[in-house]
Amino acid sequence: MASGCKIGPSILNSDLANLGAECLRMLDSGADYLHLDAPCSSGRSVFYMHMMVSRPEQWVKPMAVAGANQYTFHLESTENPGALIKDIRENGMKVGLAIKPGTTVEYLAPWANQIDMALVMTVEPGFGGQKFMEDMMPKVHWLRTQFPSLDIEVDGGVGPDTIHKCAEAGANMIVSGSAIMRSDDPRSVINLLRNVCSEAAQKRSLDR
Ligand SMILES: O=C(CO)[C@H](O)[C@H](O)COP(=O)(O)O
Ligand SMILES: [Fe+2]
């Protein structure tokens, strides 16, 4: 089984001048992990880095030193994914592998057994508040069918209006930026996302 349904608020849209307080606010609201789209340093043990950078090789050690738990890089940004996966592991972090909307899932498949999490981007990487791309859901569904125990994350435009599509397709790790950060009640948004996701996962396991 994948590691249960987890909700990771994206801090990209938060008050960056008060990053520490924003992270604590999210953890206090029930976040399972924090999805960080920019390098930062912290001792907390729930930081999953989404590295939207060219040459992701150069940030592995700094992120490990900063206390990141997981290092997600874009398949499009490296010529040697195998070596990078090995380096991330040797630096004590879990491995996430992301694909942009224009990349087909067949490129990711050969690496699926070597990674902890696949990230299917549901917007073009860059900034928060973009429109969710529903046409990415077949990728999630295909991955879930082929790799039932893989953690599969979606990132971009995910919130109460779009979570059902993600959950039904098989995503179990949910990044949500604006929908959580802009809510007056982040806890209820996090709970809703997790409940929809867990119900879909439970239904899948009953159907098998
Ligand atoms: O990787 C990202 C942007 O490329 C962010 O994680 C993402 O945009 C989250 O924000 P929102 O939920 O508002 O789309
Ligand atoms: Fe992200």
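Select Arg194 together with Gly30: a polar atom of the Arg194 side chain lies 2.6 Å from the backbone oxygen of Gly30. This is a predicted model, in which local features need pLDDT of at least 70 and side-chain atom pairs count only at pLDDT 80 or more, while totals for chains, interfaces and linings use all residues. Residues are numbered from 1 along each chain as its sequence is written, chains are lettered from A and ligands numbered from 1 in the order in which they are written, and side-chain values use heavy atoms, with hydrogens and water left out.

Staying with Arg194, find its place in helix H7, residues 186–207; helices (H or I, at least four residues) and strands (E, at least two) are DSSP runs, numbered from the N terminus. Arg194 has a relative accessible area of 18% and is therefore buried, a term that means under 20% relative accessible area with a 1.4 Å probe and protein chains only. Leaving aside neighbours within four places in sequence, Arg194 is in contact (heavy atoms within 4.5 Å) with Cys5, Ile7, Gly30 and Asp32.

Next select strand E7, residues 151–155, where 5 of 5 residues are buried: Asp151, Glu153 and Asp155 lie on one side, and Ile152 and Val154 on the other.

Finally, display strand E8, residues 173–176, which pairs with E7 in the parallel sense over 3 bridges, with Ile174 as the bridge partner of Val154.

Conventions:
Buried means under 20% relative accessible area, exposed over 50%, partly exposed in between (1.4 Å probe, protein chains only). A polar contact is a pair of N or O atoms within 3.5 Å; within protein, one must be able to donate a hydrogen and the other to accept it, and residues adjacent in sequence count only if both atoms are side-chain atoms. Two strands pair if DSSP finds at least two bridges between them.
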